Amino acid sequence: MSNFEFLENLGIQIKENRLKLHDVEDSLSNVNVQLHEIPLKRSTESTFAKMIGVGYDDKLVELEKAKEQLERTKTDLRNIIDKDINTFISEVSSPNLIIPLDTSPKIVDGKTVYKYRDNSKFQNVFDILCEMLGLSSPLVVKDVMLSPTEIVIAVKDEFEAKQKFINSLHEIQNTLLIKKK
């Protein structure tokens, strides 16, 4: 069964792996720069080392091994991120998605406001969701504003609010399914 707690943890994992990927790409870039410089400097550096009586180690083998390892790590992280994003889309799009809303909404300024149970917040769910949809937070879909802390529906009738909420969630789910293909 799909739920927001799982999605929140998955969102955290996606963000952490993206940071790791960024670090790996930076390290790989630095290694590539060093690998590019070695042939340009090898003649001078080896001649100088010989002249002063020390050994010259251009670290080419070490750098090539580091590059291979970083490229494998980069590929692995990309695969993990892609898999997690596909899981995220599948879970959000699931007809069994559980959104932990309080059952009793509040009417504020003519709008129906649902808070998450236990005052939960789902920042990572909405960060990833907004990114996938190409929208900013809070998400606004057909008179329904979805945010990490609450859902606000632009009607005061509770039954109508539920209908609008269901319709907007289905629209989000359908859009994600289209993006997944």
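Two strands count as paired if DSSP finds at least two bridges between them. In this predicted model, E2 and E5 meet that condition, because four bridges join them. The two strands run antiparallel. Within this pairing, valine 113 has valine 152 of E5 as its bridge partner.

Strand E2 also pairs with strand E1, which covers residues 106–108. Three bridges join E1 to E2, and these strands run antiparallel. Valine 108 stands opposite lysine 111 of E2. E1 and E2 form a hairpin with two residues between the strands. In this hairpin, aspartate 109 takes a positive phi near 50 degrees.

Charged side chains were examined next. Side chains of opposite charge can pair when their charged atoms come close. A search of the whole structure finds seven salt bridges.

Lysine 115 forms a salt bridge with glutamate 150. Their closest N and O atoms are 2.9 Å apart. Lysine 115 has a relative accessibility of 36% and counts as partly exposed. Glutamate 150 has 18% and counts as buried, because the cut-off for buried is under 20%.

Aspartate 127 pairs with lysine 15, and the closest N and O atoms are 2.4 Å apart. Aspartate 127 belongs to helix H3 (residues 123–133) and lysine 15 to helix H1 (residues 4–52), so the contact ties together parts 112 residues apart in sequence. Aspartate 127 is partly exposed, at 26% relative accessible area. Lysine 15 is also partly exposed, at 29%.

Aspartate 143 sits in the loop between strand E3 (139–141) and strand E4 (144–146). Lysine 164 lies in helix H4 (residues 158–180). The pair links distant parts of the chain, 21 residues apart. Aspartate 143 is partly exposed, with a relative accessible area of 45%. Lysine 164 is partly exposed as well, with 22%.

Note on methods: Residues numbered from 1 in each chain as written. Predicted model: local features only at pLDDT ≥ 70, side-chain atom pairs only at ≥ 80, totals over all residues. Heavy atoms only, no water. Salt bridge = Lys/Arg side-chain N within 4 Å of Asp/Glu carboxyl O. Buried < 20%, exposed > 50% of the residue type's maximum accessible area, 1.4 Å probe, protein only.
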